[in-house]
Amino acid sequence: QSKFTSAADQAVCASAFNITDPSSQNSASSNRFPAGALSLPTNDWKSLSTDPRTLLVQVHQRDGGPNTPAEWFENISDFMRESDVPAGIRAALYQATALIPGVRSLGEQTDPTGQTGLGVAFYVDGQPTHELIFDQQTGRLLAEEYFGSTRAFTEWSAYTDQKIVDSVPDYPMEPSGPPNSSGTS
């Protein structure tokens, strides 16, 4: 049975993401990723606009979730993380983040693995909850960072090598250990 880990987490989920029922966030892989495919379409990029306003709506329609600024930010990170986004769409997605209420540009940021790029973060009540770091030259998503109520890392992911492959590697996907105690991946 789904439950919030604490009253503080419940308050953050309600205020930042409008999530009041933890069971509504079923993340079972069979519900999110179809077998052998990404969660997002990658074969019809021409149907997506490169206008940031239009693209923000299209991305939300395809990725789904509550119609909130926090979810729009999550939709963008899902597209950047889970699909082979072409350069024109990548640039428009980066620009679309600036249209989301609660998003702030952070300038140059360095992720826990040492990659440096332009950071944007979604803020709730003056505190960042989710940050994206983009490569300044290509617009590729380099890293994501999640923050708790004390602005401490709660989770992070760095994307050091991205490519389309024919099959999943036969080696363990978990790293031998994070570069520091703050990260989880």
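Trainee: Which residue stands opposite Val-103 in β2?

Mentor: Phe-122 in β2 stands opposite Val-103. This is a predicted model, in which local features need pLDDT of at least 70, side-chain atom pairs count only at pLDDT 80 or more, and totals for chains, interfaces and linings use all residues. Residues are numbered from 1 along each chain as its sequence is written, and side-chain values use heavy atoms, with hydrogens and water left out.

Trainee: What makes β1 and β2 count as a pair?

Mentor: Two strands pair if DSSP finds at least two bridges between them. Strands here are DSSP E runs of at least two residues, and helices are H or I runs of at least four, numbered from the N terminus.

Trainee: How do you know that β4 pairs with β3 and with β5?

Mentor: By the bridge counts. β3 and β4 have five bridges in the antiparallel sense, with Leu-141 in β4 as the bridge partner of Phe-134. β4 and β5 also pair in the antiparallel sense, over five bridges, and Glu-155 in β5 is the bridge partner of Tyr-146.

Trainee: What lies between the strands of these two hairpins?

Mentor: The hairpin of β3 and β4 has six residues between the strands, and Gly-139 there takes a positive phi near 80°. Five residues lie between β4 and β5, and Arg-151 in that turn has a positive phi of about 65°.

Trainee: Why are β1 and β5 called edge strands?

Mentor: The open sheet has five strands in the order β1-β2-β3-β4-β5, with antiparallel pairing. β1 and β5 (153–158) each have a single partner strand, so one side of each is left without a neighbour in the sheet. Neighbouring strands of this sheet are turned by 20° against each other on average, direction ignored.

Trainee: What makes β4 largely enclosed?

Mentor: Buried means under 20% relative accessible area (exposed is over 50%, partly exposed in between; 1.4 Å probe, protein chains only). Six of the seven residues of β4 are buried, so β4 is largely enclosed by the rest of the structure.

Trainee: Why are α3 and α4 called roughly perpendicular?

Mentor: Axes are lines fitted to C-alpha atoms, for helices over the stretch in contact, and angles run from 0 to 180 degrees between N-to-C directions. Under 35 degrees is roughly parallel, over 145 roughly antiparallel, 65 to 115 roughly perpendicular, and the rest oblique. Helix α3 (residues 52–63) and helix α4 (residues 69–82) pack at about 80°, with axes 9 Å apart, so α3 and α4 are roughly perpendicular. The class residues in this contact are five nonpolar, two polar and five charged.

Trainee: What about α3 and α5?

Mentor: The axes of α3 and helix α5 (residues 87–97) cross at roughly 95° and come within 8 Å; α3 and α5 are therefore also roughly perpendicular.

Trainee: How do you know which residues meet there, and of what class?

Mentor: Contact means heavy atoms within 4.5 Å. Pro-52, Leu-55, Leu-56 and Val-59 in α3 meet Ile-89, Ala-92, Leu-93, Gln-95 and Ala-96 in α5. Ala, Val, Leu, Ile, Met, Phe, Trp, Tyr, Cys and Pro count as nonpolar, Asp, Glu, Lys and Arg as charged, and the others, Gly among them, as polar. This contact therefore has eight nonpolar, one polar and no charged residues.

Trainee: Where is confidence lowest, and where highest?

Mentor: pLDDT is the predictor's confidence in each residue, from 0 to 100. Helix α2 (residues 29–32) is lowest, at a mean of 36, and strand β1 (residues 103–110) is highest, at 96. Over residues 27–39 the pLDDT is below 50.
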